[in-house]
Amino acid sequence: MKPSIVRKQEDMTETPVRRARLGVSKISKTFRVRGLGGQPGGLLPVLRDISFDVYEDEVVSLIGESGCGKTTLLRIVQGLIRHDAGTISVDGTEVHSPGRDRGFVFQQPSLLPWRTARENVEFGLELQGMAAAQRAEKAKELLKLVGLGHAAEQFPHQLSGGMQQRIGLARALAIDPSILLMDEPFSALDAQTREVLQKELLRIQAETRKTILFVTHDLDEAIYLSNRIIVLGAKPGRVKEVIELPFSRERPELPEMRGDPTFQAIRARIWELIRSTPSAS
Ligand SMILES: Nc1ncnc2c1ncn2[C@@H]1O[C@H](COP(=O)(O)OP(=O)(O)OP(=O)(O)O)[C@@H](O)[C@H]1O
Ligand SMILES: [Mg+2]
């Protein structure tokens with residue numbers, strides 16, 4: 001008989017007490033929007049009272065319909081957008097602006113076209129004032145980690161979309177953040193490349209033990225990558241349900257996981273939650 005991919009109950013209860021690496025507490029945000037054609041503007045409540053923690057060495061996904069505020073929330077966590085209420089904390093200390101403790105991976109890697117892969121990865125280190133030889137060494141190490149050791153001296157236009165996204169990941173890892181914030185990092189890639197990179201991300205997370213907050217539209221991706229999934233409702237965005245995933249770390253590849261009844265049941269539950277999103281206001 002095939003071993004179950006679901007963690008044993010005793011393994012779950014034996015989980016040691018974990019520390020919250022990232023704390024999101026009672027976050028609310030309303031945008032002021034301009035009116036159309038001379039009409040008066042208005043207020044757009046986007047996030048309401050969002051609270052959750054992400055523990056060290058944990059991958060948490062945010063999932064919810066388009067426009068429910070996922071990117072806004074991630075940018076608030078990053079410190080790029082001000083929230084109206086609530087607090088963001090890293091290791092128990094409140095943060096108000098971007099910092100080296102949080103690295104960001106975008107949907108499009110937006111690499112500098114005149115810089116090689118290595119020089120793109122070095123960018124953040126250069127801003128920190130690290131010496132040239134040292135940062136080149138570090139960038140090469142990171143490119144190796146993301147499977148691009150052979151392409152360090154190539155320019156972005158010489159690389160595929162998947163390779164460029166790997167550079168985006170290496171660039172975010174370069175400042176050695178304890179938290180990675182990832183906003184649909186694989187959504188612009190073809191299905192095959194996407195599955196390869198999902199697997200790679202799990203490997204890199206296991207090697208680096210980073211805490212990851214991951215935004216995606218893709219239910220299978222969220223279930224495959226995460227320890228927990230936070231399902232957001234819309235208008236305004238709010239936490240609908242937090243789903244703890246029962247899978248062990250050593251999980252098979254996604255195509256095989258899709259056949260597992262627990263996987264299917266969780267998928268059906270999330271789908272039901274996303275579909276039944278009445279406005280909260
Ligand atoms: N700077 C802004 N000013 C005004 N409204 C904004 C601003 N940024 C985002 N919004 C609005 O806030 C809402 C949430 O946007 P956000 O980009 O966070 O959604 P999302 O969940 O990431 O969507 P998607 O899944 O399509 O990426 C949308 O209605 C959007 O139009
Ligand atoms: Mg978004």
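Which element gives the largest share of the shell around ligand 1? Helix 2 does, with three residues.

This is a predicted model, in which local features need pLDDT of at least 70, side-chain atom pairs count only at pLDDT 80 or more, and totals for chains, interfaces and linings use all residues. Residues are numbered from 1 along each chain as its sequence is written, chains are lettered from A and ligands numbered from 1 in the order in which they are written, and side-chain values use heavy atoms, with hydrogens and water left out.

**Stop 1: ligand 1**

Select ligand 1 and the residues around it, counting a residue as near if one of its heavy atoms lies within 4 Å. The shell holds 13 residues, and the closest are Ser 66, Gly 67, Lys 70, Thr 71 and Thr 72. Sorted by class, five residues of the shell are nonpolar, six polar and two charged. Here Ala, Val, Leu, Ile, Met, Phe, Trp, Tyr, Cys and Pro count as nonpolar, Asp, Glu, Lys and Arg as charged, and the others, Gly among them, as polar.

Next, show the polar contacts (pairs of N or O atoms within 3.5 Å). A polar backbone atom of Gly 67 is 2.8 Å from an oxygen atom of ligand 1, and a polar backbone atom of Gly 69 is 3.0 Å from an oxygen atom of the ligand. From the side chain of His 217, a polar atom lies 2.9 Å from an oxygen atom of ligand 1. The protein buries 61% of the 640 Å² that ligand 1 exposes when taken alone, by the Shrake-Rupley method with a 1.4 Å probe. Strand 1 (20–33), strand 2 (42–55) and helix 2 (70–78) are the elements that give two or more residues to the shell. Helices (H or I, at least four residues) and strands (E, at least two) are DSSP runs, numbered from the N terminus.

**Stop 2: helix 2**

Colour helix 2 by burial, where buried means under 20% relative accessible area, exposed over 50%, and partly exposed in between (1.4 Å probe, protein chains only). Seven of the nine residues of helix 2 are buried: Lys 70, Thr 72, Leu 73, Leu 74, Ile 76, Val 77 and Gln 78. Just after the helix, Gly 79 has a positive phi of about 95°.

**Stop 3**

Two strands pair if DSSP finds at least two bridges between them; strand 1 and strand 4 (residues 85–90) have five, in the antiparallel sense. Within this pair, Ser 25 stands opposite Thr 87 in strand 4.

**Stop 4: strand 8**

Is strand 8 (residues 211–215) mostly covered or mostly uncovered? It is mostly covered, with five of its five residues buried. Thr 211, Leu 213 and Val 215 point one way, Ile 212 and Phe 214 the other. In a regular strand the side chains alternate between the two faces of the sheet.

Strand 3 (residues 59–63) runs parallel to strand 8 and is joined to it by four bridges; Leu 62 has Val 215 as its bridge partner. Strand 7 (residues 179–183) pairs with strand 8 in the parallel sense over five bridges, with Leu 180 opposite Ile 212. Follow the chain from strand 7 through helix 6 (residues 191–208) to strand 8: this β-α-β crossover is right-handed, meaning that, with the strands pointing away from the viewer, the path from the first strand over the helix to the second runs clockwise.

**Stop 5: Ser 110**

Finish in the loop between strand 6 (102–105) and helix 3 (117–127), where Ser 110 is found. Ser 110 counts as exposed because its relative accessibility is 55%.

Note on methods:
A polar contact is a pair of N or O atoms within 3.5 Å; within protein, one must be able to donate a hydrogen and the other to accept it, and residues adjacent in sequence count only if both atoms are side-chain atoms.
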